[in-house]
Amino acid sequence: MTDTTDLNDMKAMLQVPLGNQIGRVHRLWRSAITAAVQSLDMTEARWTAMLHLQLLGEGATQQALAQELGIEMPSLSRTLGQLVELDMLERRPHPTDKRAHCLYFTPAGQQTLTKLIERTMQIRQALYRDLTPAAVQQLLQALDLMERNARALLVTTAAEDNL
């Protein structure tokens, strides 16, 4: 391949609205999950908070969950208040930081979480239909690389802004 061909391939690749496509798939994916868990009285904000808390582990602070979700504390506080009212979660004071609260699933929350995981796995299987395991793995690797590149770009940009 010549340098000109590489440049032409790169130009063609950059014209593909990949970010838009990723965004569309992400929105549709979340909408499919929300529809699948609607009978559990779960909104998108509620199920995402519960699933991310499960990933972080019980006892995570509200601040850690907000950071994981990439949202501000006031938005998360409303959602957590709803989950507490629904008897899905409980807030407990942090053992060493009086300003922080840790999050734990109630027994009802654990049961709902199990159903959430089952239903999200069903959605995942439906979305992966017709994709080979190798294709899914290749897509994951490409997205991981793009994420690393984006994070590096943000660090570089922040460093340049501080000069």
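## Two aspartates in loops

Let's start with aspartate 130. With a relative accessible area of 75%, aspartate 130 is exposed, because anything over 50% gets that label. This is a predicted model, by the way. You'll find aspartate 130 in the loop between helix H6, which covers 107-128, and H7. Its backbone is worth a look too: phi of aspartate 130 is near 75°, which is a positive value in a residue other than glycine.

Now turn to aspartate 41, which sits in the loop between H2 and H3. Aspartate 41 isn't a glycine either, yet its phi is positive at about 65°. As for accessibility, aspartate 41 comes out at 43%, so it counts as partly exposed.

## How H3 meets H4

Next up are the helices. Two packed helices are described by the angle between their axes and the distance between the axes. Take helix H3 (residues 44-56) and helix H4 (residues 62-69): their axes come within 10 Å and cross at roughly 110°. That angle makes H3 roughly perpendicular to H4, because the range for that description runs from 65 to 115 degrees.

Which residues of H3 and H4 meet? On the H3 side they are Thr48, Ala49, His52, Leu53 and Leu56. Facing them from H4 are Ala64, Leu65, Glu68 and Leu69.

## How H3 meets H6

H3 has another partner to look at. The axes of H3 and H6 come within 10 Å, with a crossing angle of roughly 95°. So H3 is roughly perpendicular to H6. From H3, the contact uses Trp47, Met50, Leu51 and Gln54. H6 brings Gly109, Thr112, Leu113, Leu116, Ile117 and Thr120 to that contact.

## Salt bridges

Side chains of opposite charge can pair when their charged atoms come close. How many salt bridges does a search of the whole structure find? The search turns up five, and here are some of them.

Arginine 92 pairs with glutamate 90, and their closest N and O atoms are 2.6 Å apart. Arginine 92 is partly exposed at 36% relative accessibility, and glutamate 90 is also partly exposed, at 30%. Arginine 99 forms a salt bridge with aspartate 97, where the closest N and O atoms are 3.1 Å apart. Here arginine 99 is exposed, with a relative accessible area of 74%, whereas aspartate 97 counts as partly exposed at 24%.

Then there's a salt bridge within a helix. Arginine 151 and glutamate 147 both belong to helix H7, where they are four residues apart, or about one turn of the helix. Their side chains meet in a salt bridge with an N to O distance of 2.8 Å. Is arginine 151 buried or exposed? It is exposed, with a relative accessible area of 55%.

## A nonpolar patch on the surface

Nonpolar side chains show up on the surface as well. Leu18, Ile22, Leu139, Leu143 and Met146 form a nonpolar patch there, and together they have about 410 Å² of accessible area. Helix H2 (18-37) and helix H7 (133-161) each supply at least two residues of this patch. Which helix gives the largest share of the nonpolar patch? That's H7, with three residues.

Leucine 18 lies in helix H2. Its relative accessible area is 42%, so leucine 18 is partly exposed.

## Proline 93

One last stop is proline 93, which is found in strand E1 (residues 89-93). Proline 93 has 62% relative accessibility, so it counts as exposed. Setting aside its neighbours within four places in sequence, proline 93 is in contact with Ala100 and His101.

How far is proline 93 from threonine 120, going by their C-alpha atoms? The separation is 31 Å, and along the chain the two residues are 27 residues apart.

Conventions: Residues numbered from 1 in each chain as written. Predicted model: local features only at pLDDT ≥ 70, side-chain atom pairs only at ≥ 80, totals over all residues. Heavy atoms only, no water. Patch = residues over 30% accessible without salt bridge, like charges linked within 9 Å, V, L, I, M, F, W, Y side chains within 5 Å. Areas by Shrake-Rupley, 256 points an atom, 1.4 Å probe, with all protein chains shown as cover. Salt bridge = Lys/Arg side-chain N within 4 Å of Asp/Glu carboxyl O. Buried < 20%, exposed > 50% of the residue type's maximum accessible area, 1.4 Å probe, protein only. Axes fitted to C-alpha atoms, helices over the stretch in contact; angles between N-to-C directions. Parallel < 35°, antiparallel > 145°, perpendicular 65-115°, else oblique. Contact = heavy atoms within 4.5 Å.
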